[in-house]
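Here is a short note for a colleague who is new to this structure. Please read the points with the model open beside you.

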Amino acid sequence: MRLILASSSSYRHQMLQRLGIPFTAVAPQVDETALAEETPAALAQRLSVLKALEVAATHPDAIVIGSDQVATIDGEPIGKPGNYDRAYAQLRRLSGQTVQFHSALCVYGATRTEVDDVITVCRFRTLNDDEIVAYLEREQPFDTAGSAKAESLGIALMESMRSDDPTAIIGLPLIALTRMLRSFGVNPLTHGWPTRP
């Protein structure tokens, strides 16, 4: 059975490559607007499911992985900044604060769906303007929730980070994904290897 990552994210693509399972990536066409009164956790989970189902509709023979990440502070979602000015404003706001990152994951195949939400709690250091400007100019994290690329220089923004899955902060929780894939009969540890007689 084919494996498809329902994402155009280069970060998720690189993460999934770590499992060593052949896959293709298909960009889903999904409206990511939050619903009225929708919590950040519910938004992340709903979007992960929508992405998987949208791609599965045209690839019914595949196992499809959908994922979405929403950062939140005091219950308010924080999206991708999109440009320098919004990223600067985000980091000024997040300085010295605790932020939750909801990394939702959906695996769909053969009319069965599994969904999980892996939470990472990040405490941002108290940042001065020079640090924020230097970080933004070097990293340009405009396509990342909360303007923090923890897989690279963004880790220096953090005072602490807590999660059951250290890969969740990058947007694709591999521990949870491995567990879910095994339930679909795909074991990354043995996939493609001959079984013992």
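Which residues in α3 meet which residues in α4?

1. Tyr-84, Ala-87, Tyr-88, Leu-91 and Arg-92 of α3 are in contact with Asp-129, Ile-132, Val-133, Tyr-135, Leu-136 and Glu-137 of α4, where contact means heavy atoms within 4.5 Å. The residues of this contact comprise eight nonpolar, no polar and three charged, with Ala, Val, Leu, Ile, Met, Phe, Trp, Tyr, Cys and Pro counted as nonpolar, Asp, Glu, Lys and Arg as charged, and the others, Gly among them, as polar.

2. This is a predicted model, in which local features need pLDDT of at least 70 and side-chain atom pairs count only at pLDDT 80 or more, while totals for chains, interfaces and linings use all residues. Residues are numbered from 1 along each chain as its sequence is written, and side-chain values use heavy atoms, leaving out hydrogens and water.

3. The axes of helix α3 (residues 84-94) and helix α4 (residues 129-139) come within 10 Å and cross at roughly 140°, the helices being DSSP runs of H or I with at least four residues, and strands runs of E with at least two.

4. Within α3, Ala-87, Gln-90, Leu-91 and Leu-94 are buried, that is, under 20% relative accessible area with a 1.4 Å probe and protein chains only. These residues lie on the same side of α3, because they cover an arc of only 95° around the axis. Their cover includes β3 (62-73), β4 (76-78), β5 (98-109), β6 (112-124) and α4.

5. Ser-103, in strand β5, is buried, with a relative accessible area of 0%.

How values were computed: Axes fitted to C-alpha atoms, helices over the stretch in contact; angles between N-to-C directions. Buried < 20%, exposed > 50% of the residue type's maximum accessible area, 1.4 Å probe, protein only. Arc of directions from axis to C-beta.
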